[in-house]
Amino acid sequence: MRVWTLADGKNVNEHRGHTAAILGVGFDPGGQPWSAAADATLRTWNPADSSQASAWNMPAAPRALVPSADTNLLLAVGADGVVRSHDRRSGAVVKNFVGPAGAAHAIAISADGARAATLETAGERGLLRIWDVAEGKFVEAIELPAAVAAVPGPAGKIVRVGKEGRVVV
């Protein structure tokens, strides 16, 4: 994984460790970078020197990940279609979410950490599944037209980005 500066596109860091394609990258709310790969590992990195801070194996290669706002949990949807919450420090699975498994390619969490959403797309249709994070249970499914990304928004609303390039609330 490489890090560049936005101002001039200069490569400033290179993080090595994964043995397969990196599928997702991000930062936790505290600013620590993480990466997840097809080798079913998640790694966190020390931003100052690019050294690996931690690494752990996941039950399945992650398609998408998102840290909770309090930084205690990391939610992941695996290639096996199962949504899981992981302890952010140890990587241990806290919960396997109970509900329909699917081919989700995106996951998001609400600002209060109470709900998560996974997005599946097929052709011109999208299916947004809403999950209760504390219980690890499926709440509801919402069909969306032409969705490429969707997240739970404020006041129980859904923010959707469509294939037509519009943002819809």
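Contact is defined here as heavy atoms within 4.5 Å. The structure is a predicted model, in which local features require pLDDT of at least 70 and side-chain atom pairs count only at pLDDT 80 or more, while totals for chains, interfaces and linings use all residues. Residues are numbered from 1 along each chain as its sequence is written, and side-chain values use heavy atoms, with hydrogens and water left out.

By the contact criterion, and not counting residues up to four places away in sequence, I107 touches A64, L65, V66, L75, A76, V77, V83, A117 and T118. I107 belongs to the largest nonpolar core, which has twelve residues, including V83, F97, A104, I109, A116, W131 and V133. A nonpolar core is a set of buried Ala, Val, Leu, Ile, Met, Phe, Trp, Tyr and Cys residues joined through side-chain atoms within 4.5 Å; buried denotes under 20% relative accessible area, exposed over 50%, and partly exposed the range in between (1.4 Å probe, protein chains only). Two or more residues of this core come from each of β7 (62-67), β8 (73-78) and β11 (106-109). Strands are DSSP runs of E with at least two residues, numbered from the N terminus. Another core, of eight residues, lies apart from the largest one and has L42, M58, L65 and L74 among its members.

W131 is also part of an aromatic cluster with F97 and F138. Two aromatic pairs are present in the structure. In one of them, the ring centres of W131 and F138 are 5.6 Å apart and the planes lie at 70°, so the pair is edge-to-face. Rings of Phe, Tyr and Trp (its six-membered ring) pair if their centres lie within 6.5 Å, with planes under 30 degrees apart classed as stacked, over 60 as edge-to-face and the rest as tilted. W131 is buried at a relative accessible area of 3%, whereas F138 is partly exposed at 30%. I130, in strand β13 (residues 125-132), is counted as buried because its relative accessibility is 7%.

W4 stands opposite N11 in β2. The two strands, β1 and β2, form a hairpin with six residues between them, and G9 in the turn has a positive phi of about 70°.

In strand β6 (residues 52-57), S54 is in contact with L42, R43 and T44, leaving aside neighbours within four places in sequence.

Technical notes: Helix = DSSP H or I, 4+ residues; strand = E, 2+ residues; numbered from the N terminus. Pairing = 2+ DSSP bridges.
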